[in-house]
Amino acid sequence: MFASQDILQGCLEIVRQSGDIVREHWAKPSNVRHKGRIDLVTQTDLAVEAFLKEKLANLVPGAAFMAEESSESEKEPDGLCWIIDPVDGTTNFVHRIPQVATSVALWNKDHVELGVVNIPMMNECFSAQCGQGAYLNGAPISVSKAETLGDALVATGFPYDFSGRLDRILERLSLVLPKSQGLRRIGAAAVDMAYVACGRLDMFYEEGLKPWDFAAGLLLVEEAGGRVTNLRGEALHFGDVLMASNGLVHQEAVDLLGPTAV
C-alpha cells in the first residue's frame, strides 16, 4: 500500500498545526475580500494554505497540489496530488461560527489514498487511510444505522453561484424535507461529510462542490462504512452532484433525487 502510516501521521501533525493558525486568527478581525458576491476569502485561508503547501511538499516530495486559493485546475489529477481546502466554511469563519474545517486529501492516480478533516475550533480531527478505517481523534468511527429517509437527518449546501440552479435546489428541498426527519445546512461540506462518517448525519447532498470540498470527506465516509456517489447512484466524478450516506438510505435517496440530476 502506497500511503504508509508514517505519511498519514505526518499529515495529521501538519494539519493539526495548521489549526493553530485558525485559532490564532479567531480572536482577530478578519481581512475579508470577495471572490464572488458571497464567496469570501480571508488572510486565514491564504496563511493556512501557504503553511500546508510548504509542509506537505516535504512530506511527499514531487506530489502536485490542488488547493482552493491557488489552483487553476479542477480536473482529476493523473498522479500524486495533495487536494487542499485550507478553510472550508469561510463564511462561518467570518461570522465566528465554529463549523470551520481544514480538509487535506492525498490523491493517488485514481483514488483518495488518505484524508484528514480538522475542525480546530471544535477540537475534532477526522482521518482515514484507504483500507484502514476512519477515525475521530484516534478513535474508530462508523456511519449511522438509520434504514429509511424517514429516520434520517439530512444535510445539504448551496453553491455560491446558485443563479441558474435555484429551481433545482428548491425542487430537491421540496422532495427531501417532507421525507426526512430533518434538514440541516451547516455551511462546510467537509464538516458535513465528516458528520456522515461518524453517524451524526445520515445523508448529505450538494451541487456545485469543488474537489477540495469533498476529497478527504469522501474517503472518511467510505472507510466508515458509508457510500458516496452522484445523484444517480453512479461513481462520483469531479463536477458531479454529490450524495453521501450511511449506505442504508442510499437507494431510497437515489430514487428520490436521481430524477433531478443534470
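1. Helices here are DSSP runs of H or I with at least four residues, strands are DSSP runs of E with at least two, and both are numbered from the N terminus. By that count, Lys-109 sits in the loop between β5 and β6. Lys-109 isn't a glycine, yet its phi is positive, about 70 degrees. Its relative accessibility is 61%, so Lys-109 counts as exposed; the cut-offs are under 20% relative accessible area for buried, over 50% for exposed, and partly exposed in between, with a 1.4 Å probe and protein chains only.

2. A word on what you're looking at: this is a predicted model, where local features need pLDDT of at least 70 and side-chain atom pairs count only at pLDDT 80 or more, while totals for chains, interfaces and linings use all residues. Residues are numbered from 1 along each chain as its sequence is written, and side-chain values use heavy atoms, with hydrogens and water left out.

3. Start with the seven-stranded sheet. It's open, has mixed pairing and runs in the order β3-β4-β5-β6-β7-β8-β9. At the edges are β3 (64–67) and β9 (139–140), each pairing on one side only. Two strands are called paired if DSSP finds at least two bridges between them. In general, the strands of a sheet pair through backbone hydrogen bonds, either parallel or antiparallel.

4. At the β3 end, β3 and β4 (residues 80–88) are parallel, with four bridges between them, and Ala-64 stands opposite Cys-81 of β4. Helix α2 (residues 43–59) packs on this sheet and touches β3, β4 and β5 (101–108), its direction making about 155 degrees with that of β4. Contact means heavy atoms within 4.5 Å. Angles are taken between N-to-C directions and run from 0 to 180 degrees, using axes fitted to C-alpha atoms (for helices, over the stretch in contact). Helix α6 (residues 211–223) lies across β3, β4, β5, β6, β7 and β8, at about 100 degrees to β6.

5. How many residues of β7 are buried? Six of the six in β7 (residues 124–129), so the strand is largely enclosed by the rest of the structure. Both faces are covered, with Glu-124, Phe-126 and Ala-128 buried on one side and Cys-125, Ser-127 and Gln-129 on the other.

6. Look at the neighbours of β7 too. Strand β6 (residues 111–119) runs antiparallel to β7 and is joined to it by six bridges, with Leu-114 opposite Gln-129. Their hairpin has four residues between the strands, and Asn-123 there has a positive phi near 55 degrees. Strand β8 (residues 134–136) is also antiparallel to β7, over three bridges, and Tyr-135 of β8 faces Ser-127. That hairpin has four residues between its strands as well, with Gly-131 in the turn at a positive phi of about 80 degrees.

7. Asn-137 is another non-glycine with a positive phi, about 50 degrees. With 46% relative accessibility, Asn-137 counts as partly exposed.

8. The five-stranded sheet is open and mixed, in the order β11-β10-β12-β14-β13. Its edge strands are β11 (182–184) and β13 (227–230), each with pairing on one side only. On average, neighbouring strands of this sheet are turned by 20 degrees against each other, direction ignored. Parallel strands β10 (residues 153–156) and β12 (residues 203–206) share three bridges, and Ala-155 has Phe-204 as its partner in β12. Helix α5 packs on the sheet, touching β10, β12, β13 and β14 (242–245), and makes about 155 degrees with β12.

9. Is α5 buried or exposed? Nine of the nine residues of α5 (residues 189–197) are buried, so the helix is largely enclosed by the rest of the structure. Among them are Asp-192, Met-193 and Tyr-195. After α5 comes Gly-199, with a positive phi near 90 degrees.

10. I'd take a look at Asp-88, in strand β4. Asp-88 is buried but has no salt bridge, and the nearest oppositely charged side chain, Arg-185, is 8.9 Å away.

11. Gln-99, in the loop between α3 (90–94) and β5, touches residues including Asp-88, Ile-186, Val-191 and Tyr-195. Gln-99 and Met-121 are 22 residues apart in sequence, but their C-alpha atoms are 7.5 Å apart in space.

Note on methods: Lys, Arg positive; Asp, Glu negative; His and termini not counted. Salt bridge = Lys/Arg side-chain N within 4 Å of Asp/Glu carboxyl O. Lists of a residue's contacts leave out its neighbours within four places in sequence.
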